[in-house]
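Thanks for coming. I have one structure to go through today, and I will take it piece by piece. Please have a look at it first.

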Amino acid sequence: MKKARIIQGGTVVTAGSVSVADIRIEDGVIAAIGRSLDATGAETVDAAGLYVFPGGIDPHTHLDMPFGGTVTADDFESGTIAAAFGGTTTILDFCLTERGRPLGDAVAAWHAKAEGKAVIDYGFHLMVADAGEQALAELPELIEREGITSLKVFMAYKNVFQADDGTLYRTLQLAREEGALVMVHAENGDVIERLVSEALERGDTEPIWHALTRPPQLEGEATGRAAELAGLAGAPLYVVHVTCAEAVERIAAARARGLRVYGETCPQYLTLDISALERPDFEGAKYVWSPPLREAWHQTALWNALSSGTLQALGSDQCSFHFKGQKELGRGDFSKIPNGGPTIEDRFSLLFSEGVAKGRIDLQRFVELSATNAAKLFGLFPRKGTIAVGSDADLVLFDPSATRTLSARDHHLRVDYSAFEGMEVQGEPVSVLVRGEFVVRDKQFVGQAGSGRYLKRSRFGLGGSLALPAVPIGGSPS
Ligand code: URP
Ligand code: ZN
Ligand code: ZN
Ligand code: ZN
């Protein structure tokens, strides 16, 4: 047994409680929680005045991902180091697949990207682009062997990632049978393709047209469509990167009918708005995400959905491209700007600062949104996502009184800009442990590339379910 470690006197926060306590760690796992634990023979770490949160779980990242003829600026090494500095100890990354290529090859390729590099724990979601015989034959075995219990279907990116409704429906049916959770990128890709062509034909080529050709109606429509198909299939559904009131309304309506529809939003949609795409000198390209940034009033709808429970999680959708040489590929044609931005490092702190410090959510909701709910939805609970005896000792020692200004000068990503440049935040992760070992200690990196472990996950609903409508009304009978 390795020497035990005791985190002393911190304010320990879980989804269910807030209390000053010591946490004893043995062999990477939480062995005891209580007042004044016996520290004989253990290394002690003073956490007085700090919050001790469960390590953040980021359910939505794209590291080392090819997109638009280029590859993301950050890989599993720089991306997970930045995540750790930001208070995240687990990521779930999207394994991309190609039509006609065995899914198992794609999974093997994703393992190769992460192994020897990741400094925090990681799992994969698997993209389904077509539900042909080969894919349907492979999926049950992959779900079992790899513990990949979430599948991703893109309803947008026509002729690239987009799947048709038949594929989405078939994937939902399979997921219901196999105990997997289907995740959708919900935008109407067919209509977007039309609007993009029309804009380019008119000569409207600036970054702002990226947002104007992907209106919120098309996100709302696709969200509602996916929810209906999930209801018909009797399967749960998770909508990634929700940006607008239209999509929130569809999710709320589905949940009110008892459908198991869940959703996430991302820090960029809570803190930035469509005006960023109009920044001069092509800087608007830095703020090109799909779905796009919206008019600022949508932020209120998103915060309300996070606090009321219509949305359950905050994902970063980390997908960084350098401004120089990568975002610039879209000069003269907004449709060639690689989509995505750097968000993995600031997700946790922005939720605390904009959420807790500004009184929009309480501490418990913060823990649910940053970690616990994702652990439950994605088959990691209670090993991850909480502070309990027997759980992995993934912990964030967080100073709520620190203030700082976010900047590319200080971040730990390779990408050459920050999406949140100049933003003032309240609160800062000081030290971060993964399975009881420091990865960041007193704001210094002390981890090791390759120390992150691959996570095989439980099937949907087995890893601790969220308090939600259990019986899908209008779903197929079981
Ligand atoms: O713009 C984005 N969101 N890029 C990453 C790919 C995706 O759609 O999640
Ligand atoms: Zn494997
Ligand atoms: Zn997406
Ligand atoms: Zn994404």
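I start with a pair of helices, α11 and α12, whose crossing is right-handed. Keep in mind that this is a predicted model. Helix α11 covers residues 347-357 and helix α12 covers residues 363-377; their axes come within 10 Å and cross at roughly 150°. Angles over 145 degrees count as roughly antiparallel, so α11 is roughly antiparallel to α12. Which residues make the contact? On the α11 side they are F348, L351, F352, G355 and V356, and α12 contributes L363, F366, L369 and S370. Sorted by class, that contact has seven nonpolar residues, two polar ones and no charged ones.

Next, a second pair. Helix α2, residues 103-114, packs against helix α3, residues 133-146, at an angle of about 35°, and the axes are 9 Å apart. From α2 we have L103, G104 and V107, which meet A135, E138, L139, L142 and E146 of α3. By class, this contact of α2 with α3 splits into five nonpolar, one polar and two charged residues.

Now the ligand. What surrounds ligand 1? The list is H62, H185, H241, W289, S290, D317, C319, N339 and G340. That shell divides into six polar residues, two nonpolar and one charged.

S290 from that shell brings me to the backbone. As background, most residues other than glycine have a negative phi, and most peptide bonds are trans. In this model S290 and P291 are joined by a cis peptide bond, with omega about -10°. P291 sits in the loop between α9, residues 267-271, and α10, residues 298-308. Another cis peptide bond links F381 to P382, and there omega is about 5°. Where is P382? In the loop that runs between α12 and β16, the latter being residues 395-405. Helix α12 is also a partner in the contact with α11 that I began with.

On phi, the residue to look at is Y157: its value is positive, about 65°, although Y157 is not a glycine. Y157 belongs to the loop between β11, residues 150-154, and α4, residues 165-178.

Last, the annotation. An unreviewed UniProt entry places the feature "domain: Amidohydrolase-related" at residues 51-439. Over residues 51-439 the chain is 36% helix and 19% strand, with the end C-alpha atoms 17 Å apart.

That is what I have; I will take questions now.

How values were computed: Residues numbered from 1 in each chain as written. Chains lettered and ligands numbered in written order. Predicted model: local features only at pLDDT ≥ 70, side-chain atom pairs only at ≥ 80, totals over all residues. UniProt positions renumbered as here; feature names shortened; annotations may be inferred. Helix = DSSP H or I, 4+ residues; strand = E, 2+ residues; numbered from the N terminus. Near = placed C-beta within 6 Å. Nonpolar A, V, L, I, M, F, W, Y, C, P; charged D, E, K, R; others polar. Axes fitted to C-alpha atoms, helices over the stretch in contact; angles between N-to-C directions. Parallel < 35°, antiparallel > 145°, perpendicular 65-115°, else oblique. Left-handed = near helix turned anticlockwise from the far one by under 90°. Contact = placed C-beta atoms within 7 Å.
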